[in-house]
Amino acid sequence: MGVNKYVSDVKTIAHNQQIVFNYLSNFENLATYMNSGLIERITEKVPQIKITEFKSDRDSCKFNITGLGVAEIRIIDRDPFKSIKIESSGGLPLSFTFWIQLLPVDEYNTKMRLTLHAEMSMMIKMMVGNKLEEGLNNLADTLTKLPYQ
């Protein structure tokens, strides 16, 4: 198994860096968004992936991916207003570490970049490797549109 690095394009979020950090560093906010229709939209776009049993608390979330098993992601480090480090666990055939990096543009805008280090077998890499960078950019786009408060 080898580690592969994927980096999103830099995106701009039209909110203050502190607000963005506070929202993204609490997975309870993610549960609200996921349960408001995002799971259904993911299933429509990628019918092979069906997410069920989504649960979260401030530091972690857990869900079942049909055909793959139970996945869990956990925030393992928060550097206030700058970065959030997330790690996977659970029964998936790959493991990853994921960073959300934030930089202020001005008082009302924040730049964001996502970085993913994924450890996966050659077979998994051949199946999904090319799609991970595209998926990371799609996730970054989605994060720019969240209802930050």
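Entry 1. I began with Phe21, which comes out at 4% relative accessibility and so counts as buried, the cut-off being under 20%. A reminder to myself: this is a predicted model.

Entry 2. Next I checked Phe81. Its relative accessibility is 30%, so I put it down as partly exposed.

Entry 3. How many aromatic pairs are there? I count three. I then asked where the two partners lie. Phe21 belongs to helix 1 (residues 17-24), while Phe81 sits in the loop between strand 5 (69-79) and strand 6 (83-90), so their pairing ties together parts 60 residues apart in sequence.

Entry 4. Is the pair of Phe54 and Phe63 stacked or edge-to-face? Their planes are at 20° and their centres 5.8 Å apart, so I noted it as stacked. Buried or exposed? Both Phe54 and Phe63 are buried.

Entry 5. I turned to the largest nonpolar core, which has 33 residues. Those with the most contacts inside it are Leu24, Ile86, Phe98, Ile100, Met112, Leu114 and Tyr148. Strand 8 (residues 109-120) gives the most to this core, with five residues.

Entry 6. What does it touch, once neighbours within four places in sequence are left aside? I listed Leu24, Lys82, Ser83, Ile84, Ile86, Met112, Arg113 and Leu114.

Methods. Residues numbered from 1 in each chain as written. Predicted model: local features only at pLDDT ≥ 70, side-chain atom pairs only at ≥ 80, totals over all residues. Heavy atoms only, no water. Core = buried A, V, L, I, M, F, W, Y, C linked by side-chain atoms within 4.5 Å. Buried < 20%, exposed > 50% of the residue type's maximum accessible area, 1.4 Å probe, protein only. Helix = DSSP H or I, 4+ residues; strand = E, 2+ residues; numbered from the N terminus. Contact = heavy atoms within 4.5 Å. Phe/Tyr/Trp six-rings, centres within 6.5 Å; stacked < 30°, edge-to-face > 60°.
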